[in-house]
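Please look over the sequence and the structure shown below before reading on.

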Amino acid sequence: LYYIKAGATETELPSVNGSGLRVNRKVGAVSTASWECCSPCDSTPLWPFGTAVTVLRRTGGTPEILFQGKIVAARGNGSPQSETVTYTAADAWWDLEREIYCQTRKIAETGGTLADALYARCLLCQADDGTRLTAAAMCEALTDYAASLGIALQSGTFDAPVTPPWDEIIDKTIAEVMLRTLLWQPDALPWIDHATVPPTLNVTRRGSMTAADAALTSLAQCSVRSFPELVISGCVVTFEFSNARGRTVAEQTAGDPDALGCARMTIPLEHESGQPGPSQEIK
């Protein structure tokens, strides 16, 4: 049997004429759970917008947690044949896509004094003391920052050892920053484990994922295909910097930089004119 838990209250779906439970899990994107309840389409929702919910499956012993998130839609559907309310819950990635990432920086106040302030202009992959951060360390910092805001999430295992270059960003969401960081570790995927309380965000590389076998005869629906559209034709990294002669650029390329579908990234190396010149270590 399936239950919807909100706070300390567990509601068995059939007891409120609920059915059609669907859980859609994704990596690096919002995962959802949805279900329908037969009730007047203009009735007050059983689970209003913003309600924190847990989807449980109980088969006799300890209930299994299938999903954790919050209600993001409660839509009434009416027709001459029936009236229902469709509920949709989204997991913590929904919040990561809505919250702007900020770092503590020294800001000049009125009068010229310096003070610490959270600021949406951020320098990624560098600690407060100037230490370079791996993609894994940056993702862990992002998860801890999200948790500090009140997002129901905790840090898990992060496997992304590449050390990206410095990257200055302005007004980017936590989700954008995480995916931007993991561009430098393209075989690593961020995913949320809903079996823990609160849910745990992990970053796992494809080579470390556990293989799973499923009997096709037991699956109601199965779709397996290749993804050739994910293969890029080439890549171009442009380093942009200023010196005594003005603004100059240097490029590094791989594959076919002139073909359609080429991946491109520009890395600014701003500094005052003079010596020493800009330096960027790439691993």
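What is the volume of the second largest pocket? The second largest pocket has a volume of about 700 Å³, and among the 19 residues that line it, L179, L182, L183, W184 and P186 are the closest to its centre. This is a predicted model, in which local features need pLDDT of at least 70 and side-chain atom pairs count only at pLDDT 80 or more, while totals for chains, interfaces and linings use all residues. Residues are numbered from 1 along each chain as its sequence is written, and side-chain values use heavy atoms, with hydrogens and water left out.

A pocket here is an open set of points on a 1 Å grid over the protein atoms alone, where a 1.4 Å probe fits, with protein on both sides within 12 Å along at least five of seven lines, and lining residues have an atom within 4 Å of a point. A volume is the space filled by probe spheres set on the points, which are joined across faces, edges and corners.

The largest pocket holds about 930 Å³ of space, and of the 28 residues that line it, V23, N24, R25, K26 and L66 lie nearest its centre. Two or more lining residues come from each of β3 (18–24), β6 (64–78) and β13 (188–193), with β13 giving the largest share, five residues. Helices (H or I, at least four residues) and strands (E, at least two) are DSSP runs, numbered from the N terminus. In the second largest pocket, α3, β13, β15 (234–243) and β17 (263–269) each supply at least two lining residues.

Just after α2, G150 takes a positive phi of about 105°.

Two residues other than glycine also deserve a look. N17, in the loop between β2 (9–12) and β3, has a positive phi near 60° and counts as partly exposed because its relative accessibility is 47%. C125, in the loop between β10 and α2, has a positive phi near 65°, but counts as buried because its relative accessibility is 2%. Finally, the peptide bond from V197 to P198 is cis, with omega near -5°, and P198 lies in the loop between β13 and β14.

Methods: Buried means under 20% relative accessible area, exposed over 50%, partly exposed in between (1.4 Å probe, protein chains only).
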